[in-house]
Amino acid sequence: MDTGGRCSTARLPAATATNEEMAATRRRLTGVHAHLRCSPSPSAAAAARDESPAPILLDDAAMKEFIKTGFVLLAPDAAGMPPLDVHQQNWTDGCALQEDADAGVHSVGDNIVASIPGVSTVLEAPAVRGVLQSVLGEGYTYHPHHFMHMTSPQTDQFWHKDSGRPWGGRKMRHHQSIEAMLLYYPQDTTEDLGPTVLLPGTPYWEDGPKPPKEGMGAATTPDEKDSIFRSSFERLGWPEETAPHKVVVPAGSVAIVHFDIYHRGSRRLESADDEGRKRLMYKFWLSRTADPTSPSWDHTPQPDDDCPEAFGGGNAPGRLGAVWTHAWNWLRGAPAGRRAIDPAALQQQQQQRGRELSSVAELQAELLGDSEPERIAASYELAALAPTDPAALAALHHSLIGDAGGDGDGEGGEARGDGGDNNAKMELGLAARRAATFGLVSLGPLATSAFLDATAASRPSEVRTSPSLSDFPLAY
Ligand SMILES: O=C(O)CCC(=O)C(=O)O
């Protein structure tokens with residue numbers, strides 16, 4: 001068989017293997033053996049799932065919280081979670097896997113469930129399946145990539161969104177819940193071990209905190225780093241609800257998060273000098289496999305379902321009311337064009353704050369402005385007006401294909417929001433197109449001609465169509 005010259009002796013200890021390498025291989029083989037003994041065949045697994053207890057779905061209030069914050073935390077006593085000794089074993093096995101990886105036997109990624117079968121008892125718990133089904137629909141699937149994250153005093157990640165979309169290049173971000181990450185903590189995760197830190201409510205914004213141009217530098221002290229992390233929010237105009245949330249949780253907890261939430265791995269503190277308390281986190285990526293046609297959670301119809309009061313309309317923090325309403329209606333299976341916030345509700349709530357509903361011209365100015373929360377809000381609010389006001393549709397259309405901010409072609413066209421010495425006007429133009437795209441996408445067929453224009457125009461820097469699910473053309 002042609003192995004492309006990669007027939008891998010690299011994965012086996014060399015003839016001069018050290019005792020450490022041999023021990024690592026023995027552990028690995030023991031793990032494989034355990035897996036072969038424990039793993040049911042695919043048909044047996046399917047049969048077992050048929051017989052397993054029903055998933056415990058989120059209710060409406062919990063789904064609304066997920067839409068607002070971008071995460072759900074499950075405690076170790078949530079329905080059907082395995083007992084503590086399973087988590088302890090998953091921790092011990094994870095540490096051994098990491099040691100093997102350090103010895104060069106294999107990588108800690110992508111083959112975790114096969115290597116550590118106890119992890120699947122967590123993934124199969126009715127509470128975990130219930131949250132996943134609620135946010136991703138039935139038939140959700142695990143991405144082949146997963147990973148085990150260990151903290152260390154040296155590792156202090158900056159705020160980021162995960163990458164790795166199959167189409168590469170600039171990452172396409174989605175406000176709808178089409179992907180998620182599952183983070184599993186098999187040990188007590190205390191503050192000193194270096195918890196994951198989430199920025200609640202941030203899946204809807206892309207212009208997030210940036211590291212200093214000169215980088216953090218090896219000489220940056222922990223206190224200086226903390227101060228940089230804190231001040232990185234200052235220019236963003238994000239509401240206080242996005243304040244960092246440390247995932248400090250007891251052994252066996254799981255966090256299920258919107259794929260596009262801002263987060264970071266924090267460092268292990270020097271005070272956590274007990275090597276016996278390594279912090280592991282198993283991370284899995286998941287995708288939905290079909291657009292929603294009805295609620296996939298435990299939904300009880302309510303009179304305000306089309307425009308839930310819980311989202312605060314025009315008074316929501318970060319002016320996210322129209323965004324959340326759209327995300328909720330999309331999850332309920334409402335057709336495109338029937339997902340927007342009700343303009344009357346927007347107006348009423350804004351008036352309660354002593355404001356008139358912004359005019360189309362004002363919204364368009366915000367869409368072209370330099371505050372991302374305002375751009376995104378204005379885009380969805382224009383989309384809410386568009387079915388009855390052609391000027392609102394035209395404003396979105398113009399922002400997508402108009403000349404605000406240049407075309408992004410040529411010099412510097414490759415740097416898109418991640419820094420570099422690009423011209424600010426071009427960046428703003430790209431940002432306006434991105435924001436307009438979200439509002440237009442929410443309109444469905446009403447936006448077809450705008451997107452066709454965008455594909456025909458000579459100006460856009462990029463035109464892409466998502467192959468995965470409907471509703472996600474992207475041109476900017
Ligand atoms: O280690 C952690 O807690 C987070 C790691 C992470 O999210 C990442 O590497 O993207």
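Helix α3 (residues 60-69) packs with helix α9 (residues 321-332) at an angle of about 130°, their axes lying 10 Å apart, where helices are DSSP runs of H or I of at least four residues and strands are runs of E of at least two, numbered from the N terminus. The axes are lines fitted to C-alpha atoms, for helices over the stretch in contact, with angles running from 0 to 180 degrees between N-to-C directions. That angle makes α3 oblique to α9, given that angles under 35 degrees count as roughly parallel, over 145 as roughly antiparallel, 65 to 115 as roughly perpendicular and the rest as oblique.

This is a predicted model, in which local features need pLDDT of at least 70 and side-chain atom pairs count only at pLDDT 80 or more, while totals for chains, interfaces and linings use all residues. Residues are numbered from 1 along each chain as its sequence is written.

Where the two helices meet, K64, I67 and K68 of α3 are in contact with W324, A327 and W328 of α9, contact being C-beta atoms, placed from the backbone, within 7 Å.

Helix α7 (residues 126-136) has 10 of its 11 residues buried, so it is largely enclosed by the rest of the structure; a residue is buried if 20 or more other C-beta atoms, placed from the backbone, lie within 10 Å of its own. Among these buried residues are R129, G130 and Q133, and the buried set packs against α3, α6 (118-123) and several strands, including β1 (71-74) and β8 (280-287). After α7 comes G137, whose phi is positive, near 85°.

Definitions and conventions:
A residue is buried if 20 or more other C-beta atoms lie within 10 Å of its own, exposed if 12 or fewer, and partly exposed in between; C-beta atoms are placed from the backbone.
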